[in-house]
Amino acid sequence: MIEDDELITDDNIARVRDLLACMQKGNEEDAIEIIDELTTIRETELYQDMGKLTRELHDAISNFGMDDSINIMAEQSIPDARERLKYVISKTDEAANKTLEAVEESIPICDNLNNKASELHESWKKFTNRELSADEFRTLSKDISHFFDKTAELGTVKDHLTSVLLAQEYQDLTGQIIKKVINLVGEVEDKLVGLIKITGAPQVTKKSGGDAGTLDGPPVPGIAHKDTVSGQDEVDDLLSSLGF
Amino acid sequence: MKILVVDDFSTMRRIIKNLLRDLGFNNTDEADDGLTALPMLKTGKYDLLVTDWNMPGMQGIDLLKAVRADENLQNIPVLMVTAEQKKEQIVEAAQAGVNGYIVKPFTALILKEKLEKIFARIG
């Protein structure tokens, strides 16, 4: 910007007076000369201003680069965060598989014991109703003894339950890691805002609505979702409104 | 009754398989996306398709459309089990001919209800 006091100087006022006098006299040649003079003065100041602005921008960008934290972020923290998130995936995967294994091995044991217990219950009812023959009673007594042996497998089920319990440790570990990554994302956001301020880029307005083709994945609490249903009941309502 | 379970996450396939087994469906196979699933379906061995939506390769909705466009497969009941909860997506799946739509996370009871509904309808 050209300051008023830089433009309105005695010299410049004299020049304008001369210009007016030349024009009134019809002296075109001198008038053009004075206009050129004034233009040169004006351009020089403009270039000085531009130079100053360029210097400021340069300094700002250099300072931005010299800010160690941003280098650390780019070279260390972000790759680090990537590794952390990979670890979260592997931890949750491991926990899910450990849990599923334990459950898959426990279900048949429970089913088996449950079926055996039902059978024994039937026989026992017959016994108390005095409907069992001596032979049948001997079989029942053998079955009961066999069942007691089988109940030892409940120890295995308990072990599996303990392993399910332990597998839940992933929540604590992954929670801490994700918290760190959230903090990092916050820092990166601050730096980016700083960069946008320096470059003076116009504020980007968020596009409203998403593309029809993109998939949102699971709804995340705390993030607004447009035109989504919440839960199975609303899905069922929507589908039944479509004649399902 | 042979069922094909399609999901890109092995743990989700395993959960669905376990739930199905609990409901008495022991005969299940797995595929990790539509591209793998479609040739399996074309063998004609399957009576029901349970599929996720969001998968790499071929997505569940495209698999559904491909099934409905194939004259040998078009009558297979398709149950979608997905985290996608956008109304327009549910409508899209309905228009593409889905037989049931379950949103994750879901319960064993919901899976049971939807399967019963599907089987009641096809008789």
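In sorting residues by class, Ala, Val, Leu, Ile, Met, Phe, Trp, Tyr, Cys and Pro count as nonpolar, Asp, Glu, Lys and Arg as charged, and the others, Gly among them, as polar. With that in hand, the second largest cavity of this predicted model can be described by class, its lining having two nonpolar, four polar and two charged residues. Those residues are Asp216(A), Gly217(A), Pro218(A), Pro219(A), His225(A), Thr228(A), Gln85(B) and Lys86(B), and the space that they line has a volume of about 50 Å³.

In the model, 27 residues of chain A are in contact with 27 residues of chain B, and the area buried between the two chains is about 2,500 Å², with carbon and sulfur atoms giving 58% of it. Of the area that chain A buries against chain B, 27% is supplied by Leu215(A), Gln232(A) and Phe244(A), which is more than any other three residues supply.

Polar and charged pairs also cross this interface, where the rule finds eight residue pairs in polar contact and two salt bridges. One of the salt bridges joins Arg14(B) to Glu104(A), whose closest N and O atoms are 3.0 Å apart. On the side of chain A that touches chain B, the elements giving two or more residues are α4 (68–128) and α8 (232–241) of chain A, and the largest share, six residues, comes from α4(A). By class, this side of chain A divides into 13 nonpolar, seven polar and seven charged residues.

The largest pocket, with a volume of about 850 Å³, is lined by 23 residues, among which Pro218(A), Phe9(B), Thr11(B), Met12(B) and Lys104(B) lie nearest its centre. Two or more residues of the pocket lining come from each of α4 of chain A and α1 (10–22) of chain B, and the lining as a whole holds 14 nonpolar, five polar and four charged residues.

A search of the whole structure finds two cavities of 30 Å³ or more, and the largest cavity has a volume of about 150 Å³. Its lining includes Asp236(A), Leu239(A), Ser240(A) and Phe244(A) from chain A, together with residues of chain B such as Tyr101(B), Lys114(B) and Arg121(B). At least two lining residues are supplied by each of α8 of chain A and β5 (100–103) and α5 (108–122) of chain B, with α5(B) giving the most, four residues. The lining of this largest cavity divides into four nonpolar, three polar and four charged residues.

Methods: Residues are numbered from 1 along each chain as its sequence is written. Chains are lettered from A and ligands numbered from 1 in the order in which they are written. This is a predicted model: local features need pLDDT of at least 70, side-chain atom pairs count only at pLDDT 80 or more; totals for chains, interfaces and linings use all residues. Side-chain values use heavy atoms; hydrogens and water are left out. Contact means heavy atoms within 4.5 Å. Buried area is the accessible area (1.4 Å probe) that two parts lose on being put together, summed over both. A salt bridge is a side-chain nitrogen of Lys or Arg within 4 Å of a carboxyl oxygen of Asp or Glu. A polar contact is a pair of N or O atoms within 3.5 Å; within protein, one must be able to donate a hydrogen and the other to accept it, and residues adjacent in sequence count only if both atoms are side-chain atoms. On a 1 Å grid over the protein atoms alone, a cavity is a set of points where a 1.4 Å probe fits but cannot get out, and a pocket is an open set with protein on both sides within 12 Å along at least five of seven lines; lining residues have an atom within 4 Å of a point. Grid points are joined across faces, edges and corners, and a volume is the space filled by probe spheres set on the points.
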